[in-house]
Amino acid sequence: MIRLNYNDKLSKIKGFIYSKGVHLVKDIYPTEIIIDEKVRKYCKQNKCGEYGNNFMCPPFVGSIEDFREELKKYKHGLIVMIKDRIVNGNDENRYYNSAKKLHNILLEVENECKKNYFNNVKVLIGGNCRICNPCVAALGEEKCKYPKKARPSLEAMGIDVVNTCKQIGIVVEFKTDEVMWIGLVLL
């Protein structure tokens with residue numbers, strides 16, 4: 001069996017991700033990820049309605065300080081972006097189907113990494129976890145029904161997605177006819 005060096009492994013994983021039909025894969029170092037208390041504050045203000053109602057959102061996902069420490073375990077990251085056209089701006093299914101698509105792609109990437117390339121991998125999805133609708137946390141359950149599939153979002157971990165992307169040359173745009181979802185693979 002041929003042993004791949006680190007850069008070859010990264011190249012293989014990027015190819016795998018692109019084979020899933022994503023729009024963009026971009027390298028990022030964990031030190032370039034902007035973690036901001038303001039993002040977590042938005043969570044606490046419950047702007048999306050998921051605070052305390054989704055096991056992959058605060059307060060269930062740990063503190064920002066814990067995540068800062070966890071980031072030190074990784075030496076590389078990949079920003080993964082998908083885009084989808086929105087014909088009808090009121091079509092929430094189309095909007096959130098793209099988020100679910102990214103979630104599933106990132107789970108496949110995580111499995112591929114663990115199986116063939118990297119033991120230490122973590123993926124963060126775009127937007128809140130939507131495996132269960134509603135999440136059983138909102139129903140008073142004490143544990144996630146799908147811990148092997150559920151993943152927290154970048155925002156839940158306090159990541160300022162827009163400015164993190166801007167820092168590495170990605171422009172995040174909010175359009176009425178297109179949706180963009182961004183995830184992160186930590187290696």
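Q: Hi! Which residues lie nearest the centre of the second largest pocket?
A: Hello! Tyr96, Lys100, Arg130, Cys132 and Asn133 lie nearest its centre, and 16 residues line that pocket. This is a predicted model, where local features need pLDDT of at least 70, side-chain atom pairs count only at pLDDT 80 or more, and totals for chains, interfaces and linings use all residues. Residues are numbered from 1 along each chain as its sequence is written, and side-chain values use heavy atoms, with hydrogens and water left out.

Q: What counts as a pocket, or as lining?
A: On a 1 Å grid over the protein atoms alone, a pocket is an open set of points with protein on both sides within 12 Å along at least five of seven lines, while a cavity is a set where a 1.4 Å probe fits but cannot get out. Lining residues have an atom within 4 Å of a point.

Q: How much space lies in the second largest pocket?
A: About 250 Å³. A volume here is the space filled by probe spheres set on the points, with grid points joined across faces, edges and corners.

Q: And what is the volume of the largest pocket?
A: The largest pocket has about 970 Å³. Its lining has 36 residues, with Tyr95, Gly127, Glu155, Phe174 and Trp181 nearest the centre. Helix H2 (37-44), helix H4 (92-117), helix H5 (161-167) and strand E4 (178-186) each give two or more residues to this lining. These elements are DSSP runs numbered from the N terminus: helices (H or I) of at least four residues and strands (E) of at least two.

Q: Which element gives the most to the lining of the largest pocket?
A: E4 does, with 5 residues.

Q: How do the lining residues of the largest pocket divide by class?
A: There are 20 nonpolar, 6 polar and 10 charged. Ala, Val, Leu, Ile, Met, Phe, Trp, Tyr, Cys and Pro count as nonpolar, Asp, Glu, Lys and Arg as charged, and the others, Gly among them, as polar.

Q: Okay, cavities now. How many of 30 Å³ or more does a search of the whole structure find?
A: The search finds 1. The largest cavity has a volume of about 80 Å³, and the residues lining it include Phe55, Cys129, Ile131 and Tyr146. By class, that lining has 10 nonpolar, 1 polar and 1 charged residues.

Q: Changing topic: how many salt bridges are there?
A: The count comes to 11. A salt bridge is a side-chain nitrogen of Lys or Arg within 4 Å of a carboxyl oxygen of Asp or Glu.

Q: Which residue meets lysine 20 in a salt bridge?
A: That is glutamate 108, at 2.7 Å from N to O. Lysine 20 is in the loop between helix H1 (6-18) and strand E1 (24-28), and glutamate 108 is in helix H4, 88 residues apart.

Q: Which residues are linked in a network of salt bridges?
A: Arg85, Glu173, Lys175, Asp177 and Glu178 are. Within it, aspartate 177 pairs with arginine 85 at 3.2 Å, and lysine 175 pairs with glutamate 178 at 3.5 Å.

Q: Is glutamate 178 buried or exposed?
A: Glutamate 178 is buried, at 15% relative accessible area. Buried means under 20%, exposed over 50%, and partly exposed in between (1.4 Å probe, protein chains only).

Q: Last one: what about arginine 40, and which side chain of opposite charge is nearest?
A: Arginine 40 is buried yet has no salt bridge, and glutamate 37 is the nearest, 6.9 Å away. For charge, Lys and Arg count as positive and Asp and Glu as negative, with His and the chain ends not counted.
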